Amino acid sequence: MALAFADAGAQALDVRVASQLTLEPKWIHDGGRVTGICPDIMAAIERVEPRLHFVGYRHSSRSLSGIEAGLENGSLDAACGLVSSPHRLAIGQPVGKSIYPVRHYLVVRRNDPVTIESTDDLARLGDLVTTQRSSVFTERLRAAGVRVDDATDDNRVNLRKILAGHGRFAYINDLALRYLIRTEGLEDRVRVLPVVLGDEPMWFWVGRRADPALAPLLGAALDKLKASGDLDRIYVRWENMQ
């Protein structure tokens, strides 16, 4: 192993990563265990690139804004599963192939007959939308003139808000939405509108302050996993688990 490392011209690296709070099934916190699509992807990366070892995420959880702050100040080396934005490009870089797609939907109470075709429709209607704090998609809704309540990172809370009459819509990504509807038993209480309002790739990010050896190693590992089909298989497994 030592000879393999020497031949490859890189040292083994501990990669500091924090799990993200309240965003299942990307990260699932179950007592002392941390599972989900990102832990599965990191385990696959370690198998194909043993010089990389992800640390910290089993004991350190942060909000989305906290993860961004960690990339910026150097307390985190990498982050799993973020879409691109100008701010994120200023503090880090996406590496390798994208890890999975993300699509965003609107959810309403089951008996609400409303139809929405676009973000413009949502803005014209003027009803309150509960959505995740600090997400790129929330910023886009606000920029489009949509009234948003982004007081929490927790999509579970956002669904409970609309059921209680606080807000008409919840704006949630497809993986989280299916997971929450199943685990909260909401099949007969909410309705998902059949229009995709956001659709783009998620990436693994490396902070600008991380070891310069990290980005090429991580990018190459992700490219291997994409070529082998392993990244897609991880996504499909979690998609079908909902």
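Reply: Searching the whole structure gives 19 salt bridges, each being a side-chain nitrogen of Lys or Arg within 4 Å of a carboxyl oxygen of Asp or Glu. The model is predicted, so local features need pLDDT of at least 70 and side-chain atom pairs count only at pLDDT 80 or more, while totals for chains, interfaces and linings use all residues. Residues are numbered from 1 along each chain as its sequence is written, and side-chain values use heavy atoms, with hydrogens and water left out.

One of the salt bridges is between Asp77 and Arg16, with an N to O distance of 2.8 Å. Asp77 sits in the loop between α3 (64–73) and β7, and Arg16 in strand β1 (residues 13–16), so this pair links distant parts of the chain, 61 residues apart. Helices (H or I, at least four residues) and strands (E, at least two) are DSSP runs, numbered from the N terminus. Asp77 is buried, at 8% relative accessibility, whereas Arg16 is partly exposed, with a relative accessible area of 35%. Here buried means under 20% relative accessible area, exposed over 50%, and partly exposed in between (1.4 Å probe, protein chains only).

A second pair is Arg168 and Asp127, whose closest N and O atoms are 2.9 Å apart. Arg168 is found in the loop between α7 (155–163) and β11 (169–173), and Asp127 in the loop between α5 (119–125) and β9 (129–130); the two are 41 residues apart. Arg168 has a relative accessible area of 23% and is partly exposed. Asp127 is partly exposed at 24%.

Arg156 and Glu184 form another salt bridge, at 2.8 Å from N to O. Arg156 belongs to helix α7, while Glu184 is in the loop between α8 and β12 (190–192), 28 residues apart from Arg156. Arg156 counts as buried at 16% relative accessibility; Glu184, with 28%, is partly exposed. Both residues belong to a network of salt bridges that also includes Glu24 and Arg160.

The chain is also tied by a covalent link. The whole structure has one disulfide, that is, a pair of cysteine sulfur atoms within 2.5 Å. The disulfide joins Cys38 to Cys80, with 2.1 Å from S to S. The torsion about this S-S bond is about -90°, so the disulfide is left-handed. Because Cys38 lies in helix α2 (residues 37–48) and Cys80 in strand β7 (residues 78–82), the pair ties together parts that are 42 residues apart in sequence. Cys38 is buried at 0% relative accessible area, and Cys80 is buried at 4%.

The axes of α8 (residues 174–183) and α10 (residues 230–240) come within 9 Å and cross at roughly 35°. The axes are lines fitted to C-alpha atoms, for helices over the stretch in contact, and angles run from 0 to 180 degrees between N-to-C directions. Asp174, Leu175 and Arg178 of α8 make the contact with Tyr235, Trp238 and Glu239 of α10, contact meaning heavy atoms within 4.5 Å. By class, three of the contact residues are nonpolar, none polar and three charged; Ala, Val, Leu, Ile, Met, Phe, Trp, Tyr, Cys and Pro count as nonpolar, Asp, Glu, Lys and Arg as charged, and the others, Gly among them, as polar.
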